[in-house]
Amino acid sequence: MTADDTTSGTLALDKQPAPDAVENASGPLLTVTDLVQRFRVPGGMMNAVAGVSFELGRGRTLGLVGESGCGKSTLARAILQLTKPSEGSVLFDGEELTDLPKAGLRTMRRRIQMVFQDPISALNPRRKIFDIVAEGLVIAGVPAEEIKPKVEAVLRQVGLDPELVADRRPHQFSGGQCQRIAIARAMVVDPDLLICDEPVASLDVSVQAQVLDLLDEMKTRTGVSMIFVAHDLAVVRNISDDVAVMYLGTICETGDVTAIYESPAHPYTRALLDAVPTPDPGAAPAGPALQGEIPSPMNPPSGCRFRTRCPIARDECAAHVPQLRDVSPGHRVACHFPLVGEAAVFAHTDQGASQTAPKAGQTTPEDEPVEVAPAARED
Ligand SMILES: Nc1ncnc2c1ncn2[C@@H]1O[C@H](COP(=O)(O)OP(=O)(O)O)[C@@H](O)[C@H]1O
Ligand code: SF4
Ligand SMILES: [Mg+2]
């Protein structure tokens, strides 16, 4: 390792890309298709992830947003194969992860790192910070003489002085500092994909901004692709290139940041945006507040999963499952009556709300033929 390597942040391990990976180097880094994660729970089975598909481009950051309990962590864990997906495909750099034997998974897990919500419990309290950060390099078989400079470089990159922190243990640090250590531990192996599962949710607001800035800096410095999970659309706005909005185990809208924040087409996205506090305390909310609780994934509503809380639900919403489809290039929404054009205005009145739609629990088969509504029903 040269001096330049430590100062420039180049911490690459010798990677052994699969032959398919070389062929697919220009394609998306990650392609998730029809992913289902089913759990056995008292009373039956439930789909915590109920058929999710998306792509993540190389060097891009996807913000994955939805209320607590909608399946974000389960999806993250299924991508990383920490739980074995029940159905579907996870193609990472041309390699199908759901088929990989244990040895292949171990190699792959160096290339996909995860940062968790609670940094303190994510770090082994008995180990010194140096050993915690060095662990991935040791497992990867990096020669001992290379490990120290790599660990010191990454600690500096996350804003910690290696002289001061290396011999301490996690309990001697604040939550924000522990999250910096967790980010260092993930980034030291030079991953291709970093999955951050609500990495700032447990931190004080002032510290949240610092950790978000750090992740943004890491992304710029290394070109790592990122999935950034949050329950709040405000948190992911600045760090994301693309956003996927999740509701009750499915993705209901996806698009680039401009499309999602400036032209949200799904009533759920609209409601999440309306819940974001505006800097102006006197400003009126842009639309109706989100009512009620997220239904149980054990017993999802028939048709559109959001219909029991949707201000513009109609009979059709109970009968047919809306599929993701383009409302503009790259902007996809799963709604029979997307909020585009005049429909966006219509959604903010109560004229469209159906009183006759069946309630949660009256299910229709999800695989039944779906009627695709015209792009913008503005009746
Ligand atoms: N191992 C598990 N066994 C049973 N149910 C689970 C398990 N993990 C998560 N769930 C359930 O799956 C749903 C989604 O959970 P989770 O992915 O943690 O949501 P989020 O991260 O969006 O808050 C919840 O209803 C949760 O209780
Ligand atoms: S499909 Fe119907 S219930 Fe679902 S979000 Fe669209 S309008 Fe609302
Ligand atoms: Mg979670």
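**Exercise 1: the shell around ligand 2**

Identify the closest residues around ligand 2 and classify its shell.

Step 1. In this predicted model, ligand 2 is surrounded by 13 residues, and the closest are Cys304, Arg307, Cys310, Cys317 and Cys335.

Step 2. Sorted by class, the shell around ligand 2 comprises ten nonpolar, two polar and one charged residues.

**Exercise 2: the shell around ligand 1**

Determine which elements supply residues to the shell around ligand 1, and how that shell divides by class.

Step 1. The residues surrounding ligand 1 are Phe39, Val41, Ala48, Gly66, Ser68, Gly69, Cys70, Gly71, Lys72, Ser73, Thr74 and Pro297.

Step 2. At least two residues of this shell come from each of strand E1 (30-41) and helix H3 (72-79). H3 gives the largest share, three residues.

Step 3. The classes are five nonpolar, six polar and one charged.

**Exercise 3: the largest nonpolar core**

Describe the largest nonpolar core and explain where it lies relative to domain 1 and domain 2.

Step 1. This core has 94 residues, and Val133 and Val245 have the most contacts inside it.

Step 2. Helix H9 (residues 175-187) contributes the largest share, seven residues.

Step 3. The core lies between domain 1 (3-240) and domain 2 (258-346), because both give residues to it.

Step 4. Leaving aside residues up to four places away in sequence, Val245 touches Val65, Gly66, Ile251, Cys252, Glu253, His266, Tyr268, Thr269 and Leu272. Of these, Gly66 also belongs to the residues surrounding ligand 1.

Conventions: Residues numbered from 1 in each chain as written. Chains lettered and ligands numbered in written order. Predicted model: local features only at pLDDT ≥ 70, side-chain atom pairs only at ≥ 80, totals over all residues. Near = placed C-beta within 6 Å. Nonpolar A, V, L, I, M, F, W, Y, C, P; charged D, E, K, R; others polar. Core = buried A, V, L, I, M, F, W, Y, C linked by C-beta atoms within 7 Å. Buried ≥ 20, exposed ≤ 12 C-beta atoms within 10 Å, placed from the backbone. Helix = DSSP H or I, 4+ residues; strand = E, 2+ residues; numbered from the N terminus. Domains from an automatic or database assignment. Contact = placed C-beta atoms within 7 Å.
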